[in-house]
Amino acid sequence: MKKILLVCAVILGFAFTASAQDSEKAEFKFNEEKHDFGKIPQGTPVTTVFEFTNIGTEPLILTDVRPTCGCTIADFTKTPVKKGDKGSIKITYNAAVAAPFNKVIVVTSNAKTPQKNLNIVGEVIAKPVTSTK
């Protein structure tokens, strides 16, 4: 009986230690996680910046920011973001095809939530056809 209690106590100790370590990890808080460009003209690239703050205690390191299609380019803060500091992820969408769009950008980091999805949405409006006579 004592052995069972000892084993249970050890397991609970590991569980509390693991949860305490999670609370010390880095974590982001974004100003927005979805950006709506609204209606944009075809052939005109558009850009937005997702800003975030590290609300954890450890430095936040973005290891990858990967758009899910080739029509979107990402540039992001490459240096560690200390507790309370801000970083940014700049997204440029090439509005080549006239159609509504909803694109996902996958952010990978050392945060408590290691993968975060950002979204950009909008509608690309076709350029008016000009006649040449």
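A: At 1% relative accessibility, N54 counts as buried. The model is a predicted one.

Q: Where does N54 lie, and what does its side chain reach?

A: N54 lies in strand β3. Its side chain reaches the backbone nitrogen of G56 at 2.9 Å.

Q: Which residues is N54 in contact with, leaving aside its neighbours within four places in sequence?

A: Contact means heavy atoms within 4.5 Å. With those neighbours left out, N54 is in contact with A26, E27, P59, L60, V81, K82, K83, G84 and D85.

Q: In which strand is T48, and is T48 buried or exposed?

A: T48 is in strand β3, which covers residues 46–54. Buried means under 20% relative accessible area. T48 has 8% relative accessibility and so counts as buried.

Q: What is T48 in contact with, beyond its neighbours within four places in sequence?

A: The contacts of T48 are E32, H35, F37, I89, K90, I91 and I120, with those neighbours set aside.

Q: How many disulfides does the structure hold, and which residues form a disulfide?

A: A pair of cysteine sulfur atoms has to be within 2.5 Å to be a disulfide. The structure holds one. C69 and C71 form it, with their sulfur atoms 2.4 Å apart.

Q: What is the handedness of the link of C69 and C71?

A: The angle about the S-S bond is -70 degrees, and the link of C69 and C71 is left-handed.

Q: What is the relative accessible area of C71?

A: Partly exposed is the range between under 20% for buried and over 50% for exposed. The relative accessible area of C71 is 22%, so C71 is partly exposed.

Terms used:
Residues numbered from 1 in each chain as written. Predicted model: local features only at pLDDT ≥ 70, side-chain atom pairs only at ≥ 80, totals over all residues. Heavy atoms only, no water. Buried < 20%, exposed > 50% of the residue type's maximum accessible area, 1.4 Å probe, protein only. Helix = DSSP H or I, 4+ residues; strand = E, 2+ residues; numbered from the N terminus. Polar contact = N/O pair within 3.5 Å; in protein donor to acceptor, adjacent residues only side chain to side chain.
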